[in-house]
Protein chains: 2
Amino acid sequence: MELDERKKKILQAVIRNYLETGEPVGSRTISKYTDLNLSSATIRNEMADLEEMGYIFQPHTSAGRIPSDKGYRLYVDAMMEEKEREVVEMRDMLVERQDKMETLLKQMARVLAQNTQYATMISAPQTKRSKLKFIQLSRVDAGQILAVIVVEGNVIKNNILSVQEELDDETLLKLNILLNTYLNGLSIDEINLAMIAVMKQQAGIHSAIVSEVIDAVAEAIRAEEDLEIYTSGTNNIFRYPELADQQKASELINTFEEKQLLGELLQEAHTGSEETGIQVYIGAETQVQSMKDCSVVTATYELGGGMKGTIGIVGPKRMDYDKVVGTLRAIQTQLDELYGKKG
Amino acid sequence: MELDERKKKILQAVIRNYLETGEPVGSRTISKYTDLNLSSATIRNEMADLEEMGYIFQPHTSAGRIPSDKGYRLYVDAMMEEKEREVVEMRDMLVERQDKMETLLKQMARVLAQNTQYATMISAPQTKRSKLKFIQLSRVDAGQILAVIVVEGNVIKNNILSVQEELDDETLLKLNILLNTYLNGLSIDEINLAMIAVMKQQAGIHSAIVSEVIDAVAEAIRAEEDLEIYTSGTNNIFRYPELADQQKASELINTFEEKQLLGELLQEAHTGSEETGIQVYIGAETQVQSMKDCSVVTATYELGGGMKGTIGIVGPKRMDYDKVVGTLRAIQTQLDELYGKKG
DNA sequence: GTTAGCACTCCCCTTAAATGAGTGCTAATA
DNA sequence: TATTAGCACTCATTTAAGGGGAGTGCTAAC
């Protein structure tokens, strides 16, 4: 069977209506509220066809139709009309240029949740690909060395290293110079064993302890930074009856609190994200079990200096895709204007 | 009317039974399952008295009795028998001595939630009262100075300061010496304006820019550290029907996600906490609106070096106080053994 | 002071009936 | 041949009624 123009129009009308009301859509509704000028009987025939093709289905006999995942997918891919949408508070927020990354991200999540009425999450930019700017070792105590590492974008990491033997000031100074000389300008990903070996050799004249410190520093630099994730508006799921029953709500809330799975989800969205940087997962398309009845829309953002993170919005399958995608696109644009251009 | 021994026993029996079942307790139940050997009629008379005194009430005519807040309060203050209870995983966890405070706290919250089946929260230790151990300024870029501050317990703070004029190496070195000389060993609370003034004077020989940097450092040290709070098991609230309806659950979940209010709650519990360090808030005793139908039990913990934080457990009013208080006490003891003794 | 007995209350569950939205199918129509 | 009107049918949802049961308060007897 072919999906002709009329069927498309009817499918679109069904989906639009269902997105608004959340109620199964009947033939009479379509007949009345479209410009197709067809009787409900005709619509019924067409709807039966659409059901056979798998785009819509009935929750039970003698109920109206609701879109299937396949129907939503077609809608998102081909029928959606992005709503131009600007988040004004977001713009203000970004112009202020929070000095604390953490605060900025938390606020972004919150504003977005209030704006869309869905649950939101946001991952802090990853620093693995940004370049080292500055390394410094200092003695804090006898036996304790503080390593401070600054990467592009002024993200700072610290670590306290314990050493057996004490290092004298001179050695420490030399070590600092050595580390900066070799590692400066490299990204964390680029630091490899060969390089560490060369450094150790260079430092070999001093003592074995130096080697130990270098290892510890390399370790600290590469340390699995646990992807920070901020969420907001989790309780928005209660607005949508299809997600609000105890079983589902409980699982979703747990997912949002534990954050582990959110991290994987955002990670995947980030890497798998095509040219536009926006991705939509409908129902079972997500890997996350608790979100099988949800849709997830993600957007990759960039703060300049190679710092990329991902924003995610989680709502019911009947989420307002037009609005959500529009909003995310607007945020991308705003961020680009502020950070993107100057690289 | 007087609360004689027999009434106390009956009240205790009512509460114990209600904690277990969550169902209103009838006179017949008490008559059968206590060693008082009284008929249900007698119990009924006594229960009418207890109701008049405000310790119990009926959710509706011809239902059994359930404890009032006043009843719970009496129970917690005078009738509770703390259950000896050790959280074994906790012990293992503590012995491993996570190097990352964050990880340790997250795990503590999680284990506690699994153990008690309630929602848990934990505040990271505050550093305001711990002593400064080490300060260092370094030049990262022209115009950007990195300030690293280490306080007791090896908690590290950093801040990037922007300065107009460039500082030469020598000035920087002197500044470092100056800051360490004056501030080392002081707690953040103890740094005051007078002290800063003295430092500025001392540095006066150099230039006005130095004064600017000192101000920035003082600011950075005192910067409102936003109380980190980790939560776990929020979804446990769904185990208790009296908290699980949408309205209440949604508000509670929001409170747990936004964390702002939790912070205030833990803060208050911390400061107001008497000798044992454990506090119980029943129902309306909390300031937090969304927890009016909950009970909250908090415990102050200490990690040595003056680092104190607070653990909180949130559950229904019919929470198992004996178990919760016992568990928290056990954790306090374990932490004391590990950190407390050596100060 | 304690207890047995009894009428009464009120929640809760089950069942039955009424309602109404929506469908599929058939036959008539343009 | 495509469209439409008409109609019987389905099924979720709401409403009402009735029975059961747990538990109470009160009274009178022990």
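Two residues are taken to be in contact if their C-beta atoms, placed from the backbone, lie within 7 Å. In this predicted model, the contact between the two protein chains takes 23 residues from chain B and 23 residues from chain A.

**Relation of the copies**
- Two copies of a chain are related by a rotation about an axis and a shift along it.
- Here, chain B is superposed on chain A by a rotation of 180° with 0.0 Å of shift along the axis, at an RMSD of 0.1 Å.
- This relation is that of a two-fold axis.

**Interface between chain A and chain B**
- Chain B contributes 23 residues to the contact, and chain A contributes 23 residues.
- On the side of chain B that touches chain A, at least two residues come from each of strand 4 (132–141), strand 5 (144–151), strand 6 (155–162), strand 7 (229–232) and helix 10 (246–258) of chain B.
- By class, that side of chain B comprises 10 nonpolar, 11 polar and 2 charged residues.
- The copies meet through the same surface, because 100% of the interface residues of chain B are also interface residues in chain A.

**Domains of chain A**
- Chain A is assigned domain 1 (5–79), domain 2 (88–126 + 227–340) and domain 3 (132–222).
- A distance of 36 Å separates the C-alpha centres of domain 2 of chain A and domain 3 of chain A.

**Surface near DNA strand C**
- There are 19 residues around DNA strand C, of which G26(A), S27(A), T42(B), T61(B) and S62(B) come nearest.
- Helix 2 (27–33) and helix 3 of chain A, together with helix 3 of chain B, are the elements that give two or more residues to this surface.
- Helix 3 of chain A provides the largest share, 4 residues.
- The surface near DNA strand C divides into 6 nonpolar, 10 polar and 3 charged residues.

**Surface near DNA strand D**
- Around DNA strand D there are 20 residues, and those that come nearest are S39(A), T61(A), S62(A), G26(B) and S27(B).
- At least two residues of this surface are supplied by each of helix 3 (40–52) of chain A, helix 2 (27–32) of chain B and helix 3 (40–52) of chain B.
- Helix 3 of chain B gives the most to the surface near DNA strand D, with 4 residues.
- The residues of this surface comprise 6 nonpolar, 11 polar and 3 charged.

Methods:
Residues are numbered from 1 along each chain as its sequence is written. Chains are lettered from A and ligands numbered from 1 in the order in which they are written. This is a predicted model: local features need pLDDT of at least 70, side-chain atom pairs count only at pLDDT 80 or more; totals for chains, interfaces and linings use all residues. Copies are superposed by least squares on the C-alpha atoms of residues with pLDDT of at least 70 in both. Ala, Val, Leu, Ile, Met, Phe, Trp, Tyr, Cys and Pro count as nonpolar, Asp, Glu, Lys and Arg as charged, and the others, Gly among them, as polar. Domain bounds come from an automatic or database domain assignment. A residue is near a molecule or strand if its C-beta atom, placed from the backbone, lies within 6 Å of it.
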